[in-house]
Amino acid sequence: MTHETQSRHTAIGTGAARDVDAAPTDHRPALPPGMRAQLDSSSYMGVPTFGLRPHLTEPEQLDEWKPDVAVIGAPWDDNTTNRPGARFGPRALRANAYDAGSYHLDLQIEIFDHLDVVDYGDAIVSPGMWEPSRAAIQRRVSDVVGRGIVPVVVGGDHSVTWPSGTAVGAHYGHGRIGMIHFDAHADTADILRGNLASHGTPMRRLIESGAIAGRHFVQVGLRGYWPPADVQEWMREQGMRHHTMQEIWERGIKEVMNDVIAEALDGTDGVYLSIDIAVLDPGFAPGTGTPEPGGLAPVDLLRAVRRIALETNVVALDVTEVCPPYDHADLTVNNAHRLIWETLAGLAHKRARPRD
């Protein structure tokens, strides 16, 4: 960190880690002083962008700014089978997450000194209308991934992974991207209560479309009493790999993650990391649509996600099923926020360390 940067960070406290540079880089336009002041405020003040990052709305602005990562809200929850409210997830992660700072203690880096991140707003969905909403999410993600920018999609229920994964698969080539999917549930049903687009079906839709091959799916944290045997048989036929909570309990998260990463790198060019917040035990994440007891603890999940970002080529991330109406003291919101923070830290650390 330069003396100038350190002084600027000291002057504005913990929020300074999200300063967007008093002296912009060659390709990045300067922000007006008033906007910079808004973005340098604490998370309960100013403009509610994710991590208080600059807010862009137009594809042309992405071309001008050339960020490394763009956060996209996907405020859709009409495919939820149990408790709705995940449509409020993107707003909550922008406005209610505790102001964390952005110097990573373990990796010893200032995240945004090495990674340029912007907030690209929301896909504007149409409540009750899946097809235009799906198209809006896919188009928004395509705006980002088509420019070589890593999309971070904030749901919304898990059905948003269908259009998001479709956009990523189309850009990198069908069957070239793997998915590491953290969840309590496999989300591989064919139809749930007559709905092909349920939040319990997106992984099946991606496999059927060819966007992501079944053999390139690695699922982590599955538990409970669903899906039934016939769906699990279909999963085996596709070559899907999974690591249940029972396995994690027996072997430990570190050993399991060795296998997860090796499997995710097997025959793929990159990894789409999809995290349903219900993978956490509901004691840590009560604000979700389909809570299932017996899940991961944040201490393990955060480090697992960081390791994936450090050791694989993460080309996309989504965090879904954060349902603020059922949350308590923003527990779920803050855990979801830190999962994104850990991913960003891993990406930043890879950029910061010297090349061999």
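Let me begin with Pro-291, which at 32% relative accessibility counts as partly exposed, where buried means under 20% relative accessible area, exposed over 50%, and partly exposed in between, using a 1.4 Å probe and protein chains only. Pro-291 sits in the loop between strand 9 (270-276) and helix 12 (298-311); helices here are DSSP runs of H or I with at least four residues, strands are runs of E with at least two, and both are numbered from the N terminus. Leaving aside neighbours within four places in sequence, Pro-291 is in contact with Asn-82, Arg-83 and Pro-282, a contact being heavy atoms within 4.5 Å. Between the C-alpha atoms of Pro-291 and Ile-277, which are 14 residues apart along the chain, the separation is 9.1 Å.

Before going further, a word on the model. This is a predicted model, in which local features need pLDDT of at least 70 and side-chain atom pairs count only at pLDDT 80 or more, while totals for chains, interfaces and linings use all residues. Residues are numbered from 1 along each chain as its sequence is written, and side-chain values use heavy atoms, with hydrogens and water left out. The average pLDDT of the protein is 90, and 91% of the residues score at least 70, pLDDT being the predictor's confidence in each residue, from 0 to 100. Over residues 1-25, however, pLDDT stays under 50, and for that stretch the model has 47 contacts beyond four places in sequence. Where pLDDT is low, the predicted coordinates should not be read in detail.

Strand 9 brings us to Tyr-272, which lies in that strand. Is Tyr-272 buried or exposed? With a relative accessible area of 0%, Tyr-272 is buried. Its contacts, leaving aside neighbours within four places in sequence, include Thr-161, Ser-164, Ile-177, Ile-180 and Asp-318. With Asp-318 there is also a polar contact of 2.6 Å between the two side chains; a polar contact is a pair of N or O atoms within 3.5 Å, where, within protein, one must be able to donate a hydrogen and the other to accept it, and residues adjacent in sequence count only if both atoms are side-chain atoms.

Let me turn to charged side chains. How many salt bridges does the structure hold? The structure holds 18 salt bridges, each defined as a side-chain nitrogen of Lys or Arg within 4 Å of a carboxyl oxygen of Asp or Glu. In one of them, Arg-94 pairs with Asp-119, the closest N and O atoms being 2.8 Å apart. This pair links distant parts of the chain, with Arg-94 in helix 4 (residues 89-95) and Asp-119 in strand 4 (residues 117-122), 25 residues apart. Both Arg-94 and Asp-119 are buried. Another salt bridge joins Arg-87 to Asp-78, with 2.7 Å between the closest N and O atoms; Arg-87 is partly exposed, at a relative accessible area of 32%, and Asp-78 counts as partly exposed at 31% relative accessibility.

Asp-157, in the loop between strand 5 (150-155) and helix 7, is buried yet has no salt bridge, and the nearest side chain of opposite charge, Arg-87, is 8.1 Å away; here Lys and Arg count as positive and Asp and Glu as negative, while His and the chain ends are not counted. Among the residues that Asp-157 touches, beyond four places in sequence, are Trp-76, Asp-78, His-199 and Glu-321.

His-243 counts as buried, at 5% relative accessibility. Which side chains make polar contacts with the side chain of His-243? One is that of Glu-247, at 3.0 Å, and another is that of Glu-263, at 2.8 Å. Not counting residues up to four places away in sequence, His-243 also touches a set of residues including Val-218, Leu-222, Ile-248 and Asp-259.
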